[in-house]
Structure formats: C-alpha cells, structure tokens
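My entries follow in the order I made them.

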Amino acid sequence: MRIRIVDAFTDRPFTGNPAGVLLLDAFPEDSWLQNVALEVNHAETAFAHPLPEGGEADWALRWFTPVTEVAMCGHATLATAHVLHATGAHQGPVRFATRSGVLAAETAEDGTVVLDFPTAPLTAVDVPEGVAEALGAPVLAAFDTGPNVGDLLVELADERTVRALRPDHKALMTYSERGIIATARAEDPASEHDFVSRCFFPNVGIDEDPVTGSAHTALAPYWSQRLGRAALTGLQASPRSGLVRTEVRGPRTLLGGRAVTVVEGELLVRVPA
C-alpha cells in the first residue's frame with residue numbers, strides 16, 4: 001500500500017506539521033496501527049478506509065501518535081483530505097467517522113482545505129500551582145478545553161513571551177490529559193495573524209507539536225470573544241511554524257489551511273489478516 005508524509009497547514013515543504021497518511025481497505029488490529037505510527041514517528045499518522053455509500057460518513061478515520069491513539073487531530077485530518085483529493089480517491093466534500101463524531105472537510109480548487117470541527121467548550125479554571133514555573137513564564141488565565149481536546153489553555157503576557165518559552169516538558173505532564181496550549185495576542189495588529197500559540201503535549205509523546213488543528217477549536221472561540229470577530233488567523237510559532245485560518249460558527253469551528261505531500265512510498269509490511 002502507499003504511504004505518504006504530508007506537511008499540513010502550510011504551502012511549503014519542511015514547514016507546518018507533518019503527518020503520515022495510509023488509505024486502507026479496513027482497519028486491522030490496533031497494535032499494527034500503533035506500530036506503523038511509531039515507525040513513521042511524526043506527531044500523528046492517519047489511517048482511513050472507505051465506508052459503504054448512504055451512511056452518515058464517507059470514510060472512517062483514526063489517528064495515532066508514536067505512543068497512543070488520540071480522540072481528535074486537525075492536521076492529520078487536513079493531510080488525509082489533501083491525499084484523497086490529490087489522488088482522486090474521493091471527489092468533493094468528505095465526511096469522516098471518528099472518535100470525535102463526524103468531521104467534514106472540503107478542498108477548494110487552489111488546494112485549500114477547510115475542516116468543520118466541533119468548537120471546544122472553554123471553562124475558566126484557577127491557574128494550577130506550578131504551571132508557570134513549568135512553562136517558564138507567568139500565566140494570566142487558564143481554561144479547560146473539554147474532552148475532545150483535553151488540554152489546558154493558558155494565556156501569557158504577549159507574543160514575545162510565547163515565542164521565548166523553553167518549558168520543562170516532564171513537569172508539564174501533570175496539568176491536563178494531553179498537554180498545554182500557550183497563547184497570546186499578536187504583537188503587531190498589522191501582521192497576517194491575530195494570535196500566536198505553542199502546544200506542548202508530553203503526555204502523548206510530543207514535546208512540542210508544530211501546528212495543532214484541534215487546539216485551534218479552543219483558540220478560535222477564545223480569541224474571537226476577546227477580539228470581537230468570528231474569522232481570525234492563528235500562527236503556531238513552533239520552529240516549523242504554520243498558519244490556521246479559523247471561523248467560529250457557534251458549536252462548529254472551521255479550520256482552513258494548505259498541505260504539501262513531501263514523501264510517497266510503499267509500505268512493505270503486510271496488513272495482518
């Protein structure tokens with residue numbers, strides 16, 4: 001079968017967030033999927049197979065980090081939609097059956113993919129003791145992001161502070177199910193982005209995720225309320241960096257971005273019967 005590495009939320013190779021993508025006939029045993037994801041060794045590897053016509057979804061989709069399966073992944077969903085469109089495996093809008101419900105994606109003629117994801121519920125919480133020390137910066141506010149995302153969202157003083165973070169990843173493991181989203185308003189109002197973020201997920205084997213679609217289902221409503229606009233652009237200021245176009249539509253959040261296939265090859269290990 002063909003295996004691809006796709007850089008998501010970018011239009012240039014070697015930036016954005018790389019994801020492995022495999023299109024299957026059906027899902028084999030979980031241990032095989034996990035071993036492939038470990039071999040690919042990117043933040044997530046997406047596995048998808050077509051579903052019978054007439055149902056609520058067109059393809060089944062699962063995502064694995066090198067160490068575990070996750071409930072939601074934006075960049076690997078975008079990468080999968082990109083592969084389906086580029087290979088002709090699916091034409092038009094596509095609906096994915098996932099652990100987070102049915103997620104939709106639509107690819108425009110210019111290659112831009114728009115994902116339709118559930119908006120994360122934000123609940124203000126007390127700033128946990130020790131989280132500022134683990135991050136290495138004072139925390140202004142903290143929010144729980146709900147079960148699908150599973151992160152602690154923290155606002156920091158400014159963009160410069162977010163960019164300069166050098167956290168203690170091991171110390172961050174105690175504060176949420178997956179990890180920490182650190183964010184701040186854009187320093188320059190005239191820049192192409194409205195807010196910045198960085199995402200640290202040591203609990204799922206990812207010290208820093210390059211560009212995180214699922215995190216933006218929490219970042220988008222947070223900054224939309226603060227800035228008074230439904231449509232915003234987030235810059236994830238990781239070393240690889242990437243832009244996520246967001247638009248909050250009540251219970252749903254649209255996430256837009258481009259993708260580039262950088263590797264295509266053949267997986268030589270057979271799927272177990």
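**Hairpin E13–E14**

I began with E13 and E14, which form a hairpin with four residues between them; Gly205 in the turn has a positive phi of about 80°. Helices (H or I, at least four residues) and strands (E, at least two) are DSSP runs, numbered from the N terminus. The model is predicted, so I kept to its limits: local features need pLDDT of at least 70, side-chain atom pairs count only at pLDDT 80 or more, and totals for chains, interfaces and linings use all residues. Residues are numbered from 1 along each chain as its sequence is written, and side-chain values use heavy atoms, with hydrogens and water left out.

Strand E13 (residues 195–201) and strand E14 (residues 206–209) run antiparallel and are joined by two bridges; pairing requires that DSSP finds at least two bridges between the strands. I found Phe201 opposite Ile206 in E14.

**Nonpolar cores**

Which residues touch the most other members of the largest nonpolar core? They are Trp63 and Phe96, in a core of 49 residues. Helix H2 (residues 74–87) gives the most to this core, with six residues. A second, separate core of 18 residues includes Val139, Val162, Leu172 and Ala182. A core here is a set of buried Ala, Val, Leu, Ile, Met, Phe, Trp, Tyr and Cys residues joined through side-chain atoms within 4.5 Å. Buried means under 20% relative accessible area, exposed over 50%, and partly exposed in between (1.4 Å probe, protein chains only).

I then listed contacts (heavy atoms within 4.5 Å).

Helix H6 (residues 216–227) is largely enclosed by the rest of the structure, because ten of its twelve residues are buried. The buried residues include His216, Pro221, Tyr222, Trp223 and Leu227. Gly228 follows H6 and has a positive phi, near 75°.

**Pro272**

I placed Pro272 in the segment after E18. Pro272 counts as partly exposed because its relative accessibility is 32%. Pro272 touches Pro28, Glu29 and Trp32, not counting residues up to four places away in sequence. I also checked Thr15, which is 257 residues from Pro272 along the chain; their C-alpha atoms are separated by 34 Å.

**Val262**

Val262 lies in strand E18 (residues 259–266). At 31% relative accessibility, I record Val262 as partly exposed.
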